[in-house]
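User: Hi! Could you walk me through a structure with me asking quick questions as we go?

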Amino acid sequence: MQPSREQKLWMYEHMVLSRRCEEQIAKIYFEGKTPVFNMANGPIPGEMHLSDGQEPVAVGVCAHLDAEDIVTATHRPHHQAIAKGVDLNKMMAEIFGKSTGLSGGRGGHMHLFDPAVNFGCSGIVGQGLGPAVGAALSRKMQGKPGVAVAFIGEGASNQGAFHEAMNLAAVWKVPFICVIEDNAWGISVSKRASTSVPRNDVRGASYGIPGHYVEGNDPYRIYDVVGEAIARARAGEGPSLIEVETFRLAGHFMGDAEAYRPKGEKDALLERDPIPKMRSRLIEDGDASEDELNSIEKKAEERIAEAIKFARESADPRPEDALTAVFA
Amino acid sequence: MTESNDRKLTIARAMAESVAQEMRADERVFVMGEDIGALGGVYGNTRGLLEEFGDERIRDTPISETAFIGAAVGAAQDGMRPVVELMFVDFFGVCFDAIYNLMAKNIYFYGGSLKVPMVLMTSTGGGYSDGGQHSQCLYGTFAHLPGMKVVAPSNAYDAKGLMTAAIRDDSPVVFMYHKRLQGMGWLGTEAGATVKTPEESYTVEIGKAAVVREGADVTIVSLGLGVHHALKAAEQLSQEGTDAEVIDLRSLVPLDRETIRKSVAKTGRLIVVDEDYHSYGVSGEVIASVVEHDVSVLKASPARVAYPDVPIPFERGMEQFCLPNVEKILAAYQEMKSA
Ligand SMILES: Cc1ncc(C[n+]2csc(CCOP(=O)(O)OP(=O)(O)O)c2C)c(N)n1
């Protein structure tokens, strides 16, 4: 399964949007946090987990999804949210903790929920899996179309919830896909030190479902493999497990000194940055001209600037709003 | 004493020093948890241990809390003395069975003949906009369930002594440390938590509260970060001529009800400051300890300054609105006085 030219451009656009989003957040995050770094300060306080480098996974998967399909994401959700079509203004406002944010500032960057496009998150590792399986079950029971995708990190494959959700999805044959973003690190602990198999695709066999590993952080290959799994799910043939090789170009969170990384790893990864790579490929393959790509990039920059302006100019919630929206 | 005893430590370093000393003295002590090796713990409390003891005894785990906390229970029952870390107390949800159905109950199921000498250390608290899954205290949740001792220090001296006592205890101890007291630069820290801490090994008895400020007019009971709010409030009250007594619970299980009762019998007024949720928690328990014993000592209804019963919001203004602080303690006292 190969993406059409339009899909390729869509993928590139959303990778760039996501990267510009992270770059701007990274910059703004340090406002009020210098010279002394204190996580509590600045317009974007708290932990911040950026997705730089992992964009191909989000776009390779979401290129197959419509608003009605379900995505659950993790503590590192921006690339997935953007690819799924979460409202950028409201998402940015949520990250800034504004009244106009997705949940009016109650959630923050690890808790982005947009019902309009069936997007949700959990900051607890592995806890997006159950809700995704449940949403898939709900579609099956209601006879409604739609597949559910749970994005997790490779570290999450060692949570009990992973095993339980995979088995449940398989035994009930629900339209569900688990996509593991293998960036090789769970904070400071390497995949090698934490996971008994080098690749998690082999675990599909233990649930009697297909397992795939996609190498190279390559959006087209991801598109291909995920496309088949999604077609399978839509046809009622049940879940799949897909692990994708990717990498994070940022720290685990902002402020991470990354001393655990072997020397030279970061530089080697920067060489393999998927965005310039895709750019050259689009041109080499004759899918886009320099001008077209410049225009996509410029628009992405403007779109992110607009979202940030919206967020900055939005009103803070009233403090006492904390006490509302606890019950439906 | 010696000059070394004038040295001040952060809670993070006090915890690490206690664990290191116990590991040197007892080969059965080992540490497991996420990012406790090379990283030295997200909150710094295992820094330096991997370098000294190696990865056989300082074990970075997969993100598998059910497995490694359950494994700690098994190892403890088999003669080891594990210290395990649950990175944020909020993550208890994925592994609570190992904690409250195994760790906390197995001694009882063996009719008291079994030892489960393990320490579960876990970070608590918010106030830095980390959102609803990374900011809770959950003191009451842990203290409610029988079979585990629970401690929550407010300063490095107590942290070291309680950790040493916890490691030497033959029953499971939950060691709840507040992130904003750890002395991690990137989180901002309460200066009052970094105190003189002797280099030599010592214990602080589990189950004993400390009267950290004596006074005759009102008793303020708290734990962890709340103790520092209470001390600051007491300082302000003293400028208005009110003499507040401040009790640092230090232990939740066993709870030192005697010290609380004695103090309230003297002052007649009680304010409990707790960053955990308002209802069904520590604050209610402390008040009940007094009123069910002798309600006649009270000159006014007791008050609690606790976290409202809502999930913790991300946004700074909303979160700060909910958190206990000095002003809320002073307001509680004003209301009490005018009642
Ligand atoms: C149940 C649980 N345990 C631990 C954590 C703390 N934690 C947050 S992210 C993380 C690492 C996750 O690694 P991975 O799943 O590979 O995702 P990545 O961060 O690499 O995107 C950990 C241990 C958590 N949030 N939830």
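This is a predicted model: local features need pLDDT of at least 70, side-chain atom pairs count only at pLDDT 80 or more; totals for chains, interfaces and linings use all residues.

User: Cysteines, then. How many disulfides over all chains?

Analyst: A search of the whole structure finds 0 disulfides. Take A:Cys178: the nearest cysteine sulfur belongs to A:Cys62 and is 14 Å away, whereas a disulfide needs the two sulfur atoms within 2.5 Å.

User: And is A:Cys178 buried or exposed?

Analyst: A:Cys178 counts as buried, because its relative accessibility is 0%.

User: Which aromatic cluster are they part of?

Analyst: One that also includes A:Phe253 from chain A, together with B:Tyr43, B:Tyr177 and B:Trp186.

User: Nice. Where does the charged end of A:Lys33 sit?

Analyst: Over the ring of A:Tyr29, 3.7 Å from the ring centre. In chain B, B:Lys328 lies over the face of B:Phe321, at 6.0 Å from the ring centre.

User: Now the sheet in chain B. What is the strand order?

Analyst: The order is β9-β11-β10-β13-β14, an open sheet of 5 strands with mixed pairing. The edges are β9 (210-213) and β14 (303-307); each has a single partner strand, so one side of each has no neighbour in the sheet. On average, neighbouring strands are turned by 25 degrees against each other, direction ignored.

User: In which sense do β13 and β14 of chain B pair?

Analyst: Parallel, over 5 bridges, with β13 of chain B covering residues 270-277. Within that region, B:Ile271 stands opposite B:Ala303 of β14(B).

User: Which strands does helix α9 of chain B touch?

Analyst: Helix α9 (residues 257-267) packs on the sheet and touches β9, β10, β11 and β13 of chain B, its direction making about 175 degrees with that of β11(B).

User: And where does α10 of chain B lie?

Analyst: Helix α10 (residues 282-294) lies across β10, β13 and β14 of chain B, and runs at about 155 degrees to β13(B).

Definitions and conventions. Residues are numbered from 1 along each chain as its sequence is written. Chains are lettered from A and ligands numbered from 1 in the order in which they are written. Side-chain values use heavy atoms; hydrogens and water are left out. Buried means under 20% relative accessible area, exposed over 50%, partly exposed in between (1.4 Å probe, protein chains only). Rings of Phe, Tyr and Trp (its six-membered ring) pair if their centres lie within 6.5 Å; planes under 30 degrees apart count as stacked, over 60 as edge-to-face and the rest as tilted. A charge sits over a ring if NZ of Lys or CZ of Arg is within 6 Å of the ring centre and within 35 degrees of the ring normal. Two strands pair if DSSP finds at least two bridges between them. Helices (H or I, at least four residues) and strands (E, at least two) are DSSP runs, numbered from the N terminus. Axes are lines fitted to C-alpha atoms, for helices over the stretch in contact, and angles run from 0 to 180 degrees between N-to-C directions. Contact means heavy atoms within 4.5 Å.
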